[in-house]
Number of protein chains: 2
Amino acid sequence: MFSTEKLQKQILFLKEIDDLKQIFRQTVLTKDQRQENDAEHSWHLAMVVIVLSEYSNLQSFDILKTVKMALIHDLVEIDAGDTFCYDTHDRTIKTEREREAAHRIFGLLPKEQAKEFIDLWEEFEEMNTSEACFAASVDRLQPLLLNFYSEGYAWRKHGVKKSQVIERNHHIAEGSSELWRFAEALIDESVKRGYLLDG
Amino acid sequence: MFSTEKLQKQILFLKEIDDLKQIFRQTVLTKDQRQENDAEHSWHLAMVVIVLSEYSNLQSFDILKTVKMALIHDLVEIDAGDTFCYDTHDRTIKTEREREAAHRIFGLLPKEQAKEFIDLWEEFEEMNTSEACFAASVDRLQPLLLNFYSEGYAWRKHGVKKSQVIERNHHIAEGSSELWRFAEALIDESVKRGYLLDG
């Protein structure tokens with residue numbers, strides 16, 4: 001069925017990543033409070049990157065590279081699962097599990113593409129470039145938006161406090177000062193409306 | 001909460017498009033045969049564009065633009081709904097409904113971004129550029145892959161025939177001769193395995 005081994009590898013990778021649609025997160029959709037999955041989140045994140053790229057602290061950044069990061073950053077969760085961001089228990093072993101997953105999943109691709117995707121994923125994790133910083137910022141902003149517009153559904157369910165949300169999300173400022181100012185206002189408004197515990 | 005009217009428009013657009021996750025398609029996921037939704041499909045499509053871009057008939061094409069098309073091409077279905085591709089009944093009024101939806105949904109954005117997205121969506125629909133041709137090709141290839149790897153679930157459910165699949169999908173060749181050769185082999189293999197009716 002496959003004309004080349006290269007195409008076979010690419011198609012089998014594209015089949016494998018279908019499973020990202022099965023990894024459910026703690027955040028819920030704004031309309032019916034159904035849990036969001038990682039494929040939907042990754043799509044939404046890529047849209048946030050495209051729509052809000054003008055707010056990056058560093059203007060000279062590569063949008064395509066940042067969009068790619070948004071699209072692939074959670075693929076490791078096909079093997080490693082989703083870790084709730086306010087759950088500190090699992091986070092120590094998370095990194096190692098995710099690195100193994102990156103090598104297995106991206107390793108399905110032809111060698112050069114596998115390397116490109118592993119490098120992109122590691123760059124995202126290390127947050128040392130303007131692209132990785134901005135991608136990480138919007139990766140925090142997107143769940144804030146869903147939490148706010150679902151009236152704090154996941155926050156209320158887990159009894160999350162304002163200080164935890166600030167601790168978790170203040171890195172938004174590294175990618176975008178403007179978006180962090182907005183996020184702070186949104187957090188304050190969430191407390192005011194009873195979506196989020198004060199303190 | 002919003003520092004500028006521009007940011008408010010962008011955030012409200014990003015909130016609105018959360019509803020793409022509620023629009024379910026006829027194709028099903030390979031693992032549990034749950035129907036795929038448009039956000040998942042758009043994410044998967046963007047990944048197909050990135051992984052298979054080397055097979056475009058025209059090499060000099062803009063990958064970012066093609067990825068953007070993949071990400072936004074189905075947003076109109078938030079208002080207009082999904083039309084099953086082998087259902088000819090609804091297709092005549094589909095175009096007008098979708099054009100209205102494009103203007104309402106993209107019109108939530110600041111003027112310049114609204115224009116960029118409406119233009120991109122129209123370019124995708126008209127299929128006159130190399131980016132639109134390739135995006136349209138993979139938009140047909142991705143459901144073929146899901147149909148094949150779900151053992152023809154949606155084809156069998158609707159009693160779809162090989163000739164219909166070829167009629168619907170031969171446009172893949174306009175974006176990529178190589179991917180159309182692969183699709184033909186996949187269609188033949190589907191008939192052989194009983195996923196798809198011959199004739």
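**Close-up 1. Helix α2 of chain A in the predicted model.** Helix α2 (residues 38-52) of chain A has 15 residues, which should span 21 Å at 1.5 Å a residue, and the 20 Å between its end C-alpha atoms agrees. Helices are DSSP runs of H or I with at least four residues, numbered from the N terminus; the expected span is 1.5 Å times one less than the number of residues. Of the 15 residues of α2(A), 15 are buried (under 20% relative accessible area, with exposed over 50% and partly exposed in between; 1.4 Å probe, protein chains only). At the N-terminal end, A:N37 caps α2(A), with a side-chain oxygen 3.0 Å from the backbone nitrogen of A:A39.

**Close-up 2. Salt bridge between B:D79 and B:R104.** The N to O distance of this pair is 2.7 Å. B:D79 belongs to helix α4 (residues 77-80) of chain B and B:R104 to helix α5 (residues 91-106) of chain B, so the contact ties together parts 25 residues apart in sequence. A salt bridge is a side-chain nitrogen of Lys or Arg within 4 Å of a carboxyl oxygen of Asp or Glu. B:D79 is partly exposed at 39% relative accessibility, as is B:R104 at 36%.

**Close-up 3. Salt bridge between B:E98 and B:K94.** The closest N and O atoms are 3.5 Å apart. These residues, four apart in helix α5 of chain B, are separated by about one helical turn; both are buried.

Residues are numbered from 1 along each chain as its sequence is written, and chains are lettered from A and ligands numbered from 1 in the order written. In this predicted model, local features need pLDDT of at least 70 and side-chain atom pairs count only at pLDDT 80 or more, whereas totals for chains, interfaces and linings use all residues; side-chain values use heavy atoms, leaving out hydrogens and water.

Terms used
Helix = DSSP H or I, 4+ residues; strand = E, 2+ residues; numbered from the N terminus. Polar contact = N/O pair within 3.5 Å; in protein donor to acceptor, adjacent residues only side chain to side chain.
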